[in-house]
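Me: Hey, can you walk me through this one? I'd like to start with the strands and then get to the helices.

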Amino acid sequence: MLLGVAVIVSLLWLFYKHWVSVYSHWKKRNIPFYPAKFPYGSDPNLVKLKEYRGYTIDKMYHKFASHPMFGVFSLRSPMLIIKDPEIIQLVLTKEFSHFRDRGIIKLPEKDVLNHHLFHLGGEKWRALRMKLTPTFTSGKLKAMFPLFISCAESFSSLLLSKADSKIDIKELIGRFTADVICSCAFGLEMDVINHPDSKLRKIGMERIKLTFLTKLKIAVTRLFPALSALLKIRFTPLEDENYIINLVKNIVEQREKNGIVRNDFIDLLMQLKDKGNIGDDGQEFEKPFEMTLELMAAQCFVFFLAGFETSSSLQSFCLYELALHQDIQSRVIKEINEKIERNNGLTYKALHEMEYLDMVISETSRKYPTVPVLNRYCTKTVTLRSGQKIEQDTMIIIPVWSLHHDPQYFSDPDKFDPTRFSQENKDSIVPYTYLPFGEGPRMCIGMRFGLLQTKVGIVTLLQKFKVEPCENTKIPLVMGGISATTASNEPIIIKLIKRS
Ligand code: HEM
């Protein structure tokens, strides 16, 4: 009995020693760091998600005010937080080949729906990124514009039924963005606007949640890959995976059977599938690979996920700020009316001429960056000008929220001030301190699509309604921890007043 207890205590002690052995990582490398405590590491909030990630990292960011970068530990993973815009530029762009991967999760082979552009690394990512980039050329976006407008019309009808009431703006706009992405990328008329409980949207909303269980799975796949394989850890439930794969399979079969060509995202994937192995076309990819139905479904899934949540957040934060700043809203609506009149309707060209609206959206993206941090993973050691090294296998965090709220780069950062992005002022923004879509070869592939649907959504709504705060509007908004993207703790409630 005593022996048994002694063995257990010794094993626990060994486990503890092994766990904390990594906590000297940054000290050995002479990099300032946020000390760690067993078991969570530098700050339990990095793991427990009780607080928005942007806030947790921001507190650390200010503790290391005079340092270009500093180390933290999440559980027992060392991570390097980079603050200096010059080093950020090096990571995202100049030395990109050393930091090509995100390294957020070690992808379990069988979790096929996660093998998408956002999580893939190395050559497979490079090949897919190169092949999928043509999805969003300006020609393609122009061709899709009528689909945006058709979704906007159904959105308008829904809005009219909400006139003069208080609404949860993000919920409403989320239906519009889900419809746009389904229609433009997949040719699917889901009508989420009128059927908000659609299965696809529900799956998307679940996947965007960064629950404790998801974080635990990320940690286990990263720290104990063998255990993760043994436990068959997966991030997408099998039922959802089957649903998405079948959905894509049906679209492909329908198109093949009826000879439908829409020149959209699915068509591009189908062409890649028909051409045989990706990389066999003389474009120098190390290991050619097949575009399987599962790989196609994974790319569709990430476009849906990345497309609907980010744009609906941006639009809701923007309308919230416009509700609070009636002077800015009046200027936006004046511009909208002028440009629509000059172009005989809401055209692609009219939207492009709306410069003030563009400034308002840029300022919203600064104050509420949809993705609070960017992740990179160092695959080859780099020596900085200071002589300091960033070693192979280092996980990197770029604190976007903190940069966007650092008074050194954006004076009075809590103030909503679109003039920061006027023609005269925007050139004075320090490069690599404004990163709402990331930067470099791995930046958001859907940026132009996201901005276009954001503008169509806002213009459609503002043409019909004035937005105002009401007694349920939270001022200021406090961000919450559960979502992987920047999201308010509580619903964003505003009032829609019908324009005469
Ligand atoms: C307002 C809307 C959007 C915002 C704010 C946004 C933001 C971002 C950010 C910050 C990243 C990471 C960039 C980096 O690490 O440097 C990203 C990546 C990505 N986004 Fe977006 N995004 C938006 C819309 C979209 C849309 C509409 C799509 C697709 C239709 C999309 C697809 C993706 C994909 C696939 C990636 C991964 C790219 C790669 O690793 O190669 N995003 N996005």
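Reply: Strand 8 and strand 9 (residues 493-498) run antiparallel to each other, paired over four bridges. Strands count as paired if DSSP finds at least two bridges between them. The strands (E, at least two residues) and helices (H or I, at least four) are DSSP runs, numbered from the N terminus.

Me: Before we go on, what kind of model is this?

Reply: It's a predicted model, where local features need pLDDT of at least 70, side-chain atom pairs count only at pLDDT 80 or more, and totals for chains, interfaces and linings use all residues. Residues are numbered from 1 along each chain as its sequence is written, and side-chain values use heavy atoms, with hydrogens and water left out.

Me: OK, back to strand 9. Which residue there does Val 467 stand opposite?

Reply: Leu 496.

Me: What order do the strands of that sheet come in?

Reply: The order is 3-9-8, an open sheet of three strands with antiparallel pairing. Strand 3 (166-168) and strand 8 (465-468) are at the edges with a single partner strand each, so one side of each has no neighbour in the sheet. From one strand to the next, the twist averages 40°. Angles here run from 0 to 180 degrees between N-to-C directions, and axes are lines fitted to C-alpha atoms, for helices over the stretch in contact.

Me: Which helix lies across strand 8 and strand 9?

Reply: Helix 20 does, running at about 100° to strand 8.

Me: And what does helix 14 do with helix 20?

Reply: The axes of helix 14 (residues 293-324) and helix 20 (residues 447-464) come within 9 Å and cross at roughly 40°. Helix 14 and helix 20 are therefore oblique to each other. For the cut-offs, under 35 degrees is roughly parallel, over 145 roughly antiparallel, 65 to 115 roughly perpendicular, and the rest oblique.

Me: Which residues meet there?

Reply: On helix 14, they include Gly 307, Ser 311 and Leu 314, and on helix 20 they include Gly 450, Leu 451 and Gly 457. By class, that contact of helix 14 with helix 20 has eight nonpolar, seven polar and no charged residues. Ala, Val, Leu, Ile, Met, Phe, Trp, Tyr, Cys and Pro count as nonpolar, Asp, Glu, Lys and Arg as charged, and the others, Gly among them, as polar.

Me: Staying on helix 20, is Val 456 buried or exposed?

Reply: Val 456, which lies in helix 20, is buried, with a relative accessible area of 0%. Buried means under 20% relative accessible area, exposed over 50%, and partly exposed in between, using a 1.4 Å probe and protein chains only.

Me: What does Val 456 touch?

Reply: Leaving out residues up to four places away in sequence, Val 456 touches Phe 145, Phe 148, Ala 152, Phe 176 and Leu 351. Contact means heavy atoms within 4.5 Å.

Me: Who pairs with strand 2, and in which sense?

Reply: Strand 1 (residues 69-74) pairs with strand 2 in the antiparallel sense over six bridges. Strand 7 (residues 395-398) pairs with strand 2 in the parallel sense over three bridges. Phe 70 stands opposite Ile 81 in strand 2, and the bridge partner of Leu 80 is Ile 396 in strand 7.

Me: What sits between strand 1 and strand 2?

Reply: Two residues, in a hairpin, and Leu 75 in the turn has a positive phi of about 50°.

Me: Why is strand 2 described as largely enclosed?

Reply: Six of the six residues of strand 2 (residues 77-82) are buried, so the rest of the structure largely encloses it. Ser 77, Met 79 and Ile 81 point one way, while Pro 78, Leu 80 and Ile 82 point the other. In a regular strand, side chains alternate between the two faces of the sheet.

Me: Last one: how exposed is Arg 126?

Reply: Arg 126 is in helix 6 (residues 122-132), and at 25% relative accessibility it counts as partly exposed. The C-alpha atoms of Arg 126 and Asp 101 are 9.9 Å apart, with 25 residues separating them along the chain.
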